Amino acid sequence: MFKNNKLYLKILVVNIVCCLILTLCLTVTTAAEDTEVSLLLFIHYSQAAQDTIQKQAEKWAANKGVRVKIDFVEDTSLASMITSESQIGKGHDIIPLRESDAYLFEKILTDVSSVVEEIQKTNGQAYDIAKIGDNVNGIWRGIPWYHDTAPMLYRKDYIEEVGYTVEDMNNMTIDEFLVLAKKLKESGHPVGMQCAQIPDGNATLGSLMYSFGSYLFGPDNTIIIDSKETRQALEYFKNLYQYMPEDLLGWDNSGNNQFMLSKEGGVTGNTPSIYATAQDDNIAFKDQLYHAPNPFGPKGSWDAVTVWSFGIPVYAKNKDLAADLIKYLLTWDNFYEHAKSARGFDMPVYNGLDDLSIWTDNPNLSGIVTGKDNFMSVGAPGINALPSAASQRANISYTVPIMFGKYLTGTSIDEAIKWTVNELKRFVEEENQ
Amino acid sequence: MKLFRNEEERTAYFYLLPAIIVVFGFIGYPFVYSIYLSFTNAGIGKSGSFIGILNYLNLLKSSTFRQVLFNSLVFTIIAISIKMFFGMIFALIMQHLRRAGKLVKTLIMLPWVVPTSLSAIAWWWMYNPNYSIFNWIINKLGTDYRVHWLSLPKTAMLSVIIVNSWIGIPFFAISILSGLISIDIELYEAADSEGAKGYQKFIYITLPLIKPVLAVVLLFSTLMTISEFNIIYIITNGGPLFGTTLLSLYAYQQGISNGVISRGAAISIFIFPLLFIVSYFQLRMVRKGISKR
């Protein structure tokens, strides 16, 4: 057969052997992987915070005589990475969970109740909001790590120009906020509240809805979004929208950061990252950036909180080492080193780690500390509802921002709500399948 | 009955074996598996059970999916038209260039050569809602008008079509150029001697003879355009309000980000019958064109 093709035959054999070797390299677990703990984390806005986590993890690994590897990726890519890893049954030993991801990924998360109990012995009980997001049907699937919050952020000099004080901002109602928005637009430094299909949009609009008493779900995944309160929230935001930049719907997560750091913006809703960036870059107006609670609606003022947690997937190779590393990262000293390096972005989520002096001692940050009673988790289903896979899907699909966006761009209020109801029904059906 | 006609044929198939294995392993198996998944309710952490065509029915009932389907068709038709038009113009220009021809060809090819992700990031910066350089230029021309490049569904769709076209025009240009330079010059000389004008030569000589090339280019470009992902993901992530969400991104969002793997598979497979029919007829047209010559 190959009488005249010896050269070609040699090339073919070499190619096949190379392919086999490559395949083996990609699939065979080496001994080294058995003593390596791998973490999947999101890219933190603060490089210093990332470096701190890296350093702490490496110190732990050196003490244990093992290796640690941390992969930092965009937070919007996390869900897809975790889904992909779960499909192939291989991946990181520790994965990050946000908000109610524990419900979405319940079937691939290890029961970490014993780890959480141990941590709570030293750190105190986890905040209720963390428990709601990570404790699924009585079993801890996530280990709470920290929370971040999205209060109002404003330029003190700009609001003073139009006759307002820090005290006014700390006690502002939504109607007063509308008046402020009009004045700031006239003065050339408008309000810019995120409402696009991005995590910030979920946070801003979620807390607004709560302040009106508008919710996605009631108990047992009953859909209650079609309500008078939802209509009020939609109408209010449409009124506010006329005083805000026209390109809001095209902003990405950094849009409001750029808006405020460019000197243009007067007020936005955001985590303290804008303030921290201004400090780090020594921007001229850095000390004019203040935080305040979100405006008070008929049902109060609500803090849109994201709780970040650690999860140990069922396919993790080194579950015990992973649990040990997590406990190490959550010791008092390590958590505070991390919180300080994050410049106030990452806040405690255990009652025993509740020293809030990083925030309360700084007048620019003190407005963030509002108390846990008005925490609402970003993507929360409703005040009387536990999270579910359906509510978390609604969250990561940006259902609420899209509902608002539809109404802002000409869809009738009834159609916008009807679309939302249909989407929520679909999420519930998918959960029940 | 012999399996192979002769020894040469047997050798040929043997050498093709690695490629067949790769194609089956990396394309065929995932494709068949996706079809299977689309008939189940598989999700993250659960293998699922057979549910028939329920996923497809649910998709058809979904107004969002209908919008995504519409977006994909609009995006493909407009982008292909732009690429075909400008591709032809650039090909004709390159055909007639002598001096500086190589430089022009290189510049025309640049959008195709630069990695798509980098191009998309650069275009995103140029479209930036706060600091668009295009709006800056417009303002410098003496007007306060602002184009909301990424903030409204229609303008966002136009913006991503422009990017896709910018990247795809070189492919059309180079492919059409290869067809143009294969046309016998004596045909044009004969037409000149008959007094034919430029546009007449184009309509009666050029177009008919490059039809097979156009058909192939159109086919490949249609498949690539309708499955566009990178540009949309980076520039708009499907927004605003699903205004730029195409089938591939929607499949990713539903199947991977949301963890409803079966639904994502159904979305991916949905357009396959249509593409199969389009490909079949286009290839038939190509074969007819070749056999007539």
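This is a predicted model: local features need pLDDT of at least 70, side-chain atom pairs count only at pLDDT 80 or more; totals for chains, interfaces and linings use all residues.
Strand β7 (residues 152-155) of chain A pairs with β8(A) in the antiparallel sense over 3 bridges; strands pair if DSSP finds at least two bridges between them. Strands are DSSP runs of E with at least two residues, and helices are runs of H or I with at least four, numbered from the N terminus.

The order β8-β7-β9 (chain A) describes an open, antiparallel sheet of 3 strands. β8 (267-269) and β9 (289-292) of chain A each have a single partner strand, so one side of each lacks a neighbour in the sheet. From one strand to the next the twist averages 25°.

## Numbering and confidence

Residues are numbered from 1 along each chain as its sequence is written, while chains are lettered from A and ligands numbered from 1 in the order in which they are written. Local features need pLDDT of at least 70 and side-chain atom pairs count only at pLDDT 80 or more, whereas totals for chains, interfaces and linings use all residues.

## Domains

Chain A is divided into domain 1 (36-147 + 307-355) and domain 2 (152-305 + 361-432), with bounds from an automatic or database domain assignment. Their C-alpha centres lie 27 Å apart.

In domain 1 of chain A, 17 residues are in contact with 21 residues of domain 2 of chain A (C-beta atoms, placed from the backbone, within 7 Å). α4 (101-104) and α6 (128-134) of chain A each supply at least two residues of the side of domain 1 that touches domain 2.

Definitions and conventions:
Axes are lines fitted to C-alpha atoms, for helices over the stretch in contact, and angles run from 0 to 180 degrees between N-to-C directions. Two residues are in contact if their C-beta atoms, placed from the backbone, lie within 7 Å.
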